[in-house]
Amino acid sequence: MGSPLSFSFELFPPRTPEGAAKLPSAIAELAAVGPDYFSVTHGAGGSAQEGTYETLVAVVEHSGVEAVPHLTCVGSTRANIAAQLERYRAAGVKRIVALRGDLPAEATSASAPGEFHYASELVSFIRESHGDAFKIQVAAYPEMHPQAPSPAVDFENFRRKVEAGADGALTQLFYNADAYFDFMERCGKAGITIPVVPGIMPITGFANTVRFCAGCGADLPRWVRLRLEQLQDDKPALQEFGLEVVTRLCETLLRNGAPGLHFYTINQAGPTLRLWKRLGLRAGAPTLA
Ligand SMILES: Cc1cc2nc3c(=O)[nH]c(=O)nc-3n(C[C@H](O)[C@H](O)[C@H](O)COP(=O)(O)OP(=O)(O)OC[C@H]3O[C@@H](n4cnc5c(N)ncnc54)[C@H](O)[C@@H]3O)c2cc1C
């Protein structure tokens, strides 16, 4: 028997009063299928610290499911990061997604202001200051981080995060299962054994899917892009097609060794739950039927 699969749902701190009003019901609906945890993103440049904390509190209030903050470090000071870690520890947080975060406009990682430049430095800092008090998840890029000069250099940087003490990784969204399997093969050759959970973005539209992929450097296969474009004025047909494409992706991943799935919910229960149902995942102890 291998380790149990891990299923998690990502939320972001709502940016509008309407978004805040809808969040509790989305959390409750998603919680009903028994995820391992909800993670909550953290805005670029340290701008949304309060939002992350408030959303964590909302998760606990409306679901009782483990709530996991993302923590970004670029542009931040050691004192500021230390204060956030203390606050999370006091609140009973057991796991953190440790990230660099998006760079301020026109900065490079090395030139960005602040005392941290890479996620590996944040991972080291958490381990030095809190030992094993937190499980640490980091980001992985099967199709390469868009600012990296090459897949090999990016992989070395991933390895640095693992050596600094990451317990697991969540991937950037992707629609090519082979990119994930290639990444896992490289992990195997490098002796990296931490679980790398695929990040899954449900497909709900043409324009937003193209934008998400362009924003993070993910390849949207030509045939998928063309079909979405063709179906963009027929929402039910587009959503059915998107559901089928992402269901097949998830099935391929799970049947070939992926240790779970991390869903980018965009604070909407519907698309993720439709996928969950189509995959035949069972509440509480998810396994493929
Ligand atoms: C699962 C997931 C969750 C995310 N959540 C958030 C969030 O909540 N908030 C947010 O703002 N963003 C979030 N992001 C986006 C993320 O912050 C960006 O992708 C960011 O550009 C890189 O973050 P990282 O932690 O992967 O950085 P790093 O691992 O530091 O890598 C960044 C770049 O620097 C390079 N690099 C790393 N170390 C070195 C080094 N020592 N020398 C030279 N180059 C190096 C890497 O190859 C890469 O190109 C998330 C991404 C993922 C996949």
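Predicted model: local features only at pLDDT ≥ 70, side-chain atom pairs only at ≥ 80, totals over all residues.
I begin with the ligand. There are 24 residues around it, and those that come nearest are His42, Tyr141, Asp154, Arg160 and Lys161. By class, this shell comprises nine nonpolar, 10 polar and five charged residues.

Which elements each supply at least two residues of the shell? They are strand E3, residues 66-72, helix H5, residues 151-164, and strand E6, residues 168-173. Helix H5 gives the most, with four residues.

At Tyr141, an N or O atom in the side chain is 2.7 Å from an oxygen atom of the ligand. Tyr141 is also among the residues that come nearest to the ligand. At Ala119, a backbone N or O atom lies 2.8 Å from a ligand oxygen. At Gly101, a polar backbone atom is 3.1 Å from an oxygen atom of the ligand.

Let me move to the helices. Two packed helices are described by the angle between their axes and the distance between the axes.

The pair I take up now is helix H1, residues 17-31, with helix H10, residues 269-279. Their axes are 10 Å apart, and the packing angle is about 10°. Angles under 35 degrees count as roughly parallel, and H1 and H10 are therefore roughly parallel to each other. On the H1 side, the contact is made by Ala26, Glu29 and Leu30; on the H10 side, by Ala269, Thr272 and Leu273. These residues divide into four nonpolar, one polar and one charged.

The other pair is helix H2, residues 49-63, with helix H3, residues 78-90. Here the axes come within 12 Å and cross at roughly 10°. H2 and H3 are therefore also roughly parallel to each other. From H2, the contact involves Gln49, Glu50, Thr52, Tyr53 and Leu56, and from H3, Asn80, Gln84, Arg87 and Tyr88. By class, the residues of this contact are three nonpolar, four polar and two charged.

That concludes the presentation.

Note on methods: Residues numbered from 1 in each chain as written. Heavy atoms only, no water. Axes fitted to C-alpha atoms, helices over the stretch in contact; angles between N-to-C directions. Parallel < 35°, antiparallel > 145°, perpendicular 65-115°, else oblique. Contact = heavy atoms within 4.5 Å. Nonpolar A, V, L, I, M, F, W, Y, C, P; charged D, E, K, R; others polar. Near = heavy atom within 4 Å. Polar contact = N/O pair within 3.5 Å; in protein donor to acceptor, adjacent residues only side chain to side chain.
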